[in-house]
Amino acid sequence: GGQQPILAGAEGKVVHAGPLSTYGQVIILDHGDQIRSITLGKYKIHVKKGDQVSKSQVLGYTEGRLRDGKIYFEIRNQDKIQETYPLLERNWLTANQ
């Protein structure tokens, strides 16, 4: 139980941090090259719009047990949803570093 940290998958800039429509809390990170990651669900945000974050930096914490509210994560390239696992396995953003 308890709170679980939500970590940034890669470095980027926070372009949205807060509630969005009916999705709950939403953090959108811009990673450059038209790649963005989106994390939404029931959690407490610990970053603000305009922040630069590093890979594995804490973005926020879940409230209570995860089964009480799922966290949804997606990666978009030019607003097209990407398959997450292949991108992560290929170190999807470390190629530019």
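## Terms and model

Two strands pair if DSSP finds at least two bridges between them. Strands themselves are DSSP runs of E with at least two residues, and helices are runs of H or I with at least four, numbered from the N terminus.

What you have here is a predicted model, in which local features need pLDDT of at least 70 and side-chain atom pairs count only at pLDDT 80 or more, while totals for chains, interfaces and linings use all residues. Residues are numbered from 1 along each chain as its sequence is written, and side-chain values use heavy atoms, with hydrogens and water left out.

Let's start with β4, which spans residues 35-41 and is mostly covered, with six of its seven residues buried (buried means under 20% relative accessible area, exposed over 50%, partly exposed in between, with a 1.4 Å probe and protein chains only).

One partner of β4 is β3 (residues 25-30), joined to it antiparallel through six bridges; here Gln25 has Gly41 as its bridge partner. Another is β8 (residues 71-77), also antiparallel to β4, with seven bridges. In that pairing, Asn77 of β8 stands opposite Ile35.

## Loops with positive phi

The β3 and β4 hairpin has four residues between its strands, and Gly32 there takes a positive phi near 85°. In the loop between β3 and β4 you will also find Asp33, with a positive phi of about 50° although it is not a glycine. Most residues other than glycine have a negative phi. Asp33 counts as exposed because its relative accessibility is 59%.

Gln78, also not a glycine, has a positive phi of about 50°. Gln78 lies in the loop between β8 and β9 (80-82), and its relative accessible area of 47% makes it partly exposed.
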